[in-house]
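Welcome! Please take a moment with the sequence and the 3D view below, and then read on for a short tour.

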Amino acid sequence: MSSKQALREFQSRLAQRLQSARTAGTAASWLAVEAGASRLLFPLSHAGEIFSWTDVQKVPYAQPWFMGVANLRGGLHGLVDLGSFLQGGGSRPRGEGELAQCRLVVLNPLLETNCALLVDRLLGLRTTEAFASSAAAGDGAPDYFGHVYTDLEGRQWQELNLQVLSQHQAFLGIGA
């Protein structure tokens, strides 16, 4: 089985699980991703479709974490390198091979923001049972940070409220 075929099958299974989680209730609470050095949890109700890397049209005079504009299913979406945005830096250079491993997570259309977030890896779905403990975000954390969860292996996961992020002034201010 080729790696492209395996990837398509994985994405198809994940899309089916996302859809069944939305219709079946609270079977899964979050989409788990890795962006930069961060393990993040997106509420399923805030996440939309997931795409493979595609061509991106760069935009002049934009913040370094704003990668440009991409055509996803006929709609134009701004593309944000989420890891770089969260770390306050520029989008780090990536080769075509590395970009092919990245995914674009579109914000739910109900959030009324045509935006996709570049994440380094999809890590599947998570439920509350996957975590041993949770705590409120630390002092000085951005308002779009939710709880910090610790999984059964001791790793920390930051919940990210995509609705609040999509309305945050720093996120909306893409002009350099």
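Two strands pair if DSSP finds at least two bridges between them. Strands themselves (E, at least two residues) and helices (H or I, at least four residues) are DSSP runs, numbered from the N terminus. With that in hand, Glu-34 has Arg-121 in β8 as its bridge partner.

What you see is a predicted model, in which local features need pLDDT of at least 70 and side-chain atom pairs count only at pLDDT 80 or more, while totals for chains, interfaces and linings use all residues. Residues are numbered from 1 along each chain as its sequence is written, and side-chain values use heavy atoms, with hydrogens and water left out.

**The chain as a whole**

- Five helices and eleven strands make up the count for this chain.
- The chain has 176 residues, and 40% of them count as buried. Here buried means under 20% relative accessible area, exposed means over 50%, and partly exposed lies in between (1.4 Å probe, protein chains only).
- Contact means heavy atoms within 4.5 Å. Among contacts between residues at least 6 apart in sequence, 58% join residues at least 24 apart.

- β1 and β8 run antiparallel and are joined by five bridges.
- Gln-158 sits in strand β11 (residues 156-160), and it is buried, with a relative accessible area of 13%.
- Which residues does Gln-158 touch, leaving aside its neighbours within four places in sequence? They are Arg-39, Leu-40, Leu-41, Phe-145, Gly-146, His-147 and Val-148.
- Gln-158 and Gly-146 are twelve residues apart in sequence, and their C-alpha atoms are 6.8 Å apart in space.

- β4 and β5 run antiparallel, with six bridges between them.
- These two strands form a hairpin with two residues between them, and Arg-73 in the turn has a positive phi of about 55 degrees.
- Gly-68 has Leu-79 in β5 as its bridge partner, and Ala-70 stands opposite His-77 in β5.
- β4 is mostly covered, as five of its seven residues are buried.

**A closer look at His-77**

- His-77 belongs to strand β5 (residues 75-81).
- Is His-77 buried or exposed? His-77 counts as buried because its relative accessible area is 11%.
- Its side chain reaches the backbone oxygen of Gly-75 at 3.1 Å.
- Beyond its neighbours within four places in sequence, His-77 is in contact with Gly-68, Val-69, Ala-70, Leu-72, Val-106, Asn-114, Cys-115 and Ala-116.

**The nonpolar cores**

- A nonpolar core is a set of buried Ala, Val, Leu, Ile, Met, Phe, Trp, Tyr and Cys residues joined through side-chain atoms within 4.5 Å.
- The largest nonpolar core has 26 residues, and Leu-31, Phe-42, Leu-82 and Leu-117 have the most contacts inside it.
- Elements giving two or more residues to this core are β1 (30-35), β2 (38-43), α2 (82-87), β6 (103-107), β7 (115-119), β8 (121-126) and α4 (162-167).
- Apart from this core lies another one, of ten residues, including Met-67, Leu-79, Cys-102 and Ala-116.
- Leaving aside its neighbours within four places in sequence, Leu-82 is in contact with Ala-35, Leu-40, Phe-42, Leu-117, Leu-118, Val-119, Leu-160 and Leu-165.

**The cysteines**

- Cys-102 is buried at 2% relative accessibility, and Cys-115 is buried too, with a relative accessible area of 4%.
- How many disulfides are there, taking a disulfide as a pair of cysteine sulfur atoms within 2.5 Å? The count comes to zero.

Definitions and conventions. Polar contact = N/O pair within 3.5 Å; in protein donor to acceptor, adjacent residues only side chain to side chain. Disulfide = S-S within 2.5 Å.
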